[in-house]
Number of protein chains: 2
Amino acid sequence: MARPASLSGFPEWLPAQGIVEQHVLDTLRRTFELWGLSSIETRAVELLEQLVSKGEVEKEVYLLRRLHEDPADAGEEREGRQLALHFDLTVPLARYVLENAGQLQFPFRRYQIQKVWRGERPQEGRFREFTQADVDVIGNGELPFHYEVELPLVMADALTALRAIGLPPFTIQVNNRKVAEGFYRGLALQDVGGVLRTVDKLDKIGPARVAELLVAENGADERQAAMCLTLAGIRSPDVSFVERVRALGVEHPLLDEGLTELARVVEAAGEHVPGVLVADLRIARGLDYYTGTVYETVLDGHPDLGSICSGGRYDELARDERNVYPGVGLSIGVTRLVSALLGRGFSRATRSVPTCVLVALPDEKRRAECDFIARALRERGIPVEVSPSASKYGKQIRYADRRGIPFVWFPGDERDDEVRDIRSGEQVPADAAAWEPLDEDRYPRVVPG
Amino acid sequence: MARPASLSGFPEWLPAQGIVEQHVLDTLRRTFELWGLSSIETRAVELLEQLVSKGEVEKEVYLLRRLHEDPADAGEEREGRQLALHFDLTVPLARYVLENAGQLQFPFRRYQIQKVWRGERPQEGRFREFTQADVDVIGNGELPFHYEVELPLVMADALTALRAIGLPPFTIQVNNRKVAEGFYRGLALQDVGGVLRTVDKLDKIGPARVAELLVAENGADERQAAMCLTLAGIRSPDVSFVERVRALGVEHPLLDEGLTELARVVEAAGEHVPGVLVADLRIARGLDYYTGTVYETVLDGHPDLGSICSGGRYDELARDERNVYPGVGLSIGVTRLVSALLGRGFSRATRSVPTCVLVALPDEKRRAECDFIARALRERGIPVEVSPSASKYGKQIRYADRRGIPFVWFPGDERDDEVRDIRSGEQVPADAAAWEPLDEDRYPRVVPG
């Protein structure tokens, strides 16, 4: 876990922990690029009016103000150009797409890995600064359904790649808004949005209370409420959920469409990443803008972590005078994930520094010679540092040992140079122009904890 | 250049430009790790009191305020816990070192690549958000001089590695505070700091005006002022500057020490990175906390860009009850550098997307089959996407062409699959389980513009 920082909610890692985070980020990036997604980065700052126009006013936003303000700024604020830190990467994506639509190729396949900020109350112990990794495909005018099949596979590949460093098995839980909405309409419920929001509280307040609320607030009778709960209870790793929904006897064209789509997502995942994805008709996702498939991902056996990767289909990411831009996307909570990898001991780095070889210094007068040994090794891609001082060799070896540096290089006097593997104590003659470490020792690796 | 964004000073790149930036960042990271520097990342936010305590009150700082404030926050502000965005990576490093001193190994070798923010007035056309890449070595109690020789070599290696993508030749200009200070003291000038700050204005106001100011404001007579200007005019790519300074006849122990140190920096650089570093006694660096060697780096022929990599030795980065932490460090202005690479046409990416192969879709019904072809290629590390729709092959090829995707894969019907290099038009039978692109086509590359 991060050492307690002086500001709660702003996690920072020690160098060895940072190596684990960097490995996660590199793995995500590699996977996203193998799927042909382009990287973009947006500024940390958006206009407040754009942040709140997305109906996300309940979000805790950090506003910016210059320490040395002057009338020009105040004017800017008066004109509604108040700056604020972004709280997710979806609103910035929408703005970026509108601003650059003429120069982007659609469907626009992008990933984006950046920090976001939430102005939570410090007491709540939540992250106020954290890194997200988002993948989205954005259409211009239309976006075929098959991207709803593709994008969870991208995330499944990315998370599967992290299994090698100790990430526990995970489950991507999938539903489709059209299933729930079609089902509710088929039941003749009117307040579809209200029912959805109430059912979304299942995990928090339990089925009995949800049933009560459906009757009290969403105009359901007891039979309708029970049917909604039955639907939400259906879960299957294959397409058998379709028959179980059909057996409830509710009919609606939107329900048919949703079941067909959801079955396609489950089928494709079963073929490409077996055992990773389940249909779970309880998944609602709070956000109003989802219109098709929705996704939530949990680490098996760690439900307390919540969802580490969520998203869905939205028919209107953005809109300008001429066009509407639909999208499908998922977002990994990188900081939450890394915090779990470190805090629960799933993963660790094999050493705390990149250095593979410490060149020992026999005498301060020979530093220039040692610098050239270091350069010769470095030119062949071996991370090296030269000892900070010409202390006794025992002390220099301890310098390496404390950092986990595996090799110490001893410059020759009359004899050849020698290199010692300080883990085994084995010491052999070596030539800086030719010696190679094992590949696994060259850089720190990240391994299961 | 970046497409004009709606907020001046907050640059954003299009995907192809982002590939250039990512290449720069990867190159810096690789070089820094070859020198055994560990990566750290600090939160974007510091307490205002810590930011301004460094005497940098003239910096334009962005303060944070929660949109939904409540009395608890106001309390936090009252207690001086006002949050602000960091404006460099040095103040955060000092705080990180103090906070984690017990868990860090000293000398602490670190690099840090992050965004910083400056609350400049929007009219000024300066960056208000930009990325810096810093390298520093921090000692606990003491820090040997040889790090002042080592760290400019790290940056010289990093920038030299960027020559391959079109970065023009560059010059690291080096001076030593002790040379100037010893020289001024040897001249019996009292207001050493004032003289230093005035001489630092040479580039802006010219020698005549500097001489006037030295007399008018810093207590120099005309001979002393002329001597200061003569010193500032000395520049040499080798150690010949030492004799030229000696010839001025000024004597002071601090001057001797400074000349010896500066000569060592110049000598070592001449051996390790010939032609890159010069002694330039005009370099002063405005910041008060430098105490030894100082560095500034210009792109040859592009003085208007200003320094792209600066830094120096500071005897007191931080201090707690028991210890003082001296350091040496340099910082690259990554955004300024990338902006030059793009805006002056030095560098470009060979394509705008990571995708190497577009799998063409003969028929929407065969999408599952195409997805498996894509997976087979991807599993061998080839970036692939499947065509968004089963339009005519001509249209699908144009989809690839517009993005610079070099290969289109045609799934076989009765015959084998075939792959076409759309640049040459050559089309050959291919097996997704075995076909390989040339290494240079696998990912987009960054090349001279």
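Predicted model: local features only at pLDDT ≥ 70, side-chain atom pairs only at ≥ 80, totals over all residues.

Reader: What is the order of the five strands in the open sheet of chain A?

Author: The order is β15-β14-β16-β17-β18, with mixed pairing. At the edges are β15 (384-386) and β18 (427-429) of chain A, each of which pairs on one side only. On average, neighbouring strands are turned by 25° against each other, direction ignored.

Reader: How do you know that β17 and β18(A) pair?

Author: Two strands pair if DSSP finds at least two bridges between them. Strand β17 (residues 418-421) of chain A and β18(A) have three bridges, so they count as paired, in the antiparallel sense. In β18(A), A:Gln427 is the bridge partner of A:Arg420.

Reader: Why is B:Val428 called partly exposed?

Author: Its relative accessible area is 31%. Buried means under 20% and exposed means over 50%, so a value in between is called partly exposed. B:Val428 is in strand β18 (residues 427-429) of chain B.

Reader: What makes B:Asp417 a contact of B:Val428?

Author: Contact means heavy atoms within 4.5 Å. Leaving aside neighbours within four places in sequence, B:Val428 is in contact with B:Asp417, B:Glu418 and B:Val419. The C-alpha atoms of B:Val428 and B:Glu418 are separated by 5.3 Å, though these residues are ten apart along the chain.

Key:
Residues numbered from 1 in each chain as written. Chains lettered and ligands numbered in written order. Heavy atoms only, no water. Helix = DSSP H or I, 4+ residues; strand = E, 2+ residues; numbered from the N terminus. Buried < 20%, exposed > 50% of the residue type's maximum accessible area, 1.4 Å probe, protein only. Axes fitted to C-alpha atoms, helices over the stretch in contact; angles between N-to-C directions.
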